[in-house]
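Here is a friendly briefing to read alongside the sequence and the structure. Please keep both open as you go through the topics below.

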Amino acid sequence: MDPVIESSAYFEHDADIGVVGRGATLEEAFESAAAGMFAIMTELPAVRRSRTVRLEFEEADTELALVRWLNLLLARAREQGMVFAEFRLERDGAVWRGSATGESWRRELARGTEVKGATLTMLRVEQCGDEWQARCVVDV
């Protein structure tokens, strides 16, 4: 199984879903949270890695950066009719540059629950020992 998928988790929350990304770095935790969010929508191992989309945004606050990252990924996926399964992110101060790799939606891909957006609810980004955790609730 993909290590990024293995390092993401979920937590209970009323009508929405809480996503937790974990990683050795802050950026890896964000990548893992993105994988967890897209895993709500489809089976990530079935997604072909045929197209890469580049992303860039500016945000000094790491918690708000998580929400911006996730919502930017959702917006690009909708704009281009795609589903993403692989994520990369780098940070240079307040500037974040990343990429998402996946494919256009196709009939054979199982459709899970649509994620409408990442929210500020239960938003937390923190280092816990040697691991970073990035969590928020996504609206489904």
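## A short briefing

Let us begin with Ala75, a residue of helix α3. Please keep in mind that this is a predicted model. Ala75 is partly exposed, its relative accessible area being 28%. From Ala75 to Gly117 the C-alpha atoms are 8.8 Å apart in space, while 42 residues separate the two in sequence.

**Salt bridges**

- How many salt bridges does the count come to? The count comes to 10 salt bridges.
- One of them links Arg91 with Glu27, where the closest N and O atoms are 3.9 Å apart. Arg91 belongs to strand β4 (residues 82-92) and Glu27 to helix α2 (residues 26-39), so this pair ties together parts that are 64 residues apart in sequence.
- The two partners can be told apart by their accessibility: Arg91 is partly exposed at a relative accessible area of 39%, whereas Glu27 counts as buried at 17%. Glu27 gets that label because buried means under 20% relative accessible area.
- Glu59 and Arg68 also meet through their side chains in a salt bridge, at 3.8 Å from N to O. Here Glu59 counts as buried, with 17% relative accessibility, and Arg68 counts as partly exposed, with 38%.
- Within helix α3 (residues 62-80), Arg76 and Glu79 are 3 residues apart, about one helical turn. These two form a salt bridge, with 3.7 Å between the closest N and O atoms.

**The largest pocket**

- As background, rolling a probe the size of a water molecule over the atoms shows where empty space is left.
- The volume of the largest pocket is about 230 Å³. It is lined by 14 residues, and those closest to its centre are Met41, Arg78, Trp105, Arg111 and Glu114.
- Which elements each supply at least two residues of this lining? They are α3 and β4.
- Helix α3 gives the most to the lining of the largest pocket, namely 3 residues.
- By type, the lining of the largest pocket divides into 8 nonpolar, 3 polar and 3 charged residues.

**The open sheet**

- In what order do the 3 strands of the open sheet lie? The order is β3-β5-β4, and the pairing is antiparallel.
- Strands β3 (51-58) and β4 are the edge strands, each pairing on one side only. From one strand to the next, the twist averages 20°.
- Strand β4 runs antiparallel to strand β5 (residues 95-104), and 10 bridges join the two.

- Strand β7 (residues 124-128) pairs with strand β8 (residues 131-139) over 5 bridges, in the antiparallel sense.
- Which residue in β8 is the bridge partner of Val125? The bridge partner is Ala134.
- This hairpin has 2 residues between the strands, and in it Gly129 takes a positive phi near 70°.

**A backbone angle to look at**

- For context, most residues other than glycine have a negative phi.
- Met122 is not a glycine, yet its phi is positive, at about 55°.
- Where does Met122 lie? Look in the loop between β6 (117-118) and β7.
- Met122 is partly exposed, with 42% relative accessible area.

Note on methods:
Residues numbered from 1 in each chain as written. Predicted model: local features only at pLDDT ≥ 70, side-chain atom pairs only at ≥ 80, totals over all residues. Heavy atoms only, no water. Salt bridge = Lys/Arg side-chain N within 4 Å of Asp/Glu carboxyl O. Helix = DSSP H or I, 4+ residues; strand = E, 2+ residues; numbered from the N terminus. Buried < 20%, exposed > 50% of the residue type's maximum accessible area, 1.4 Å probe, protein only. 1 Å grid on protein atoms, 1.4 Å probe; cavity = no way out; pocket = protein on both sides within 12 Å on 5 of 7 lines; lining within 4 Å. Points joined across faces, edges and corners; volume = space filled by probe spheres on them. Nonpolar A, V, L, I, M, F, W, Y, C, P; charged D, E, K, R; others polar. Pairing = 2+ DSSP bridges. Axes fitted to C-alpha atoms, helices over the stretch in contact; angles between N-to-C directions.
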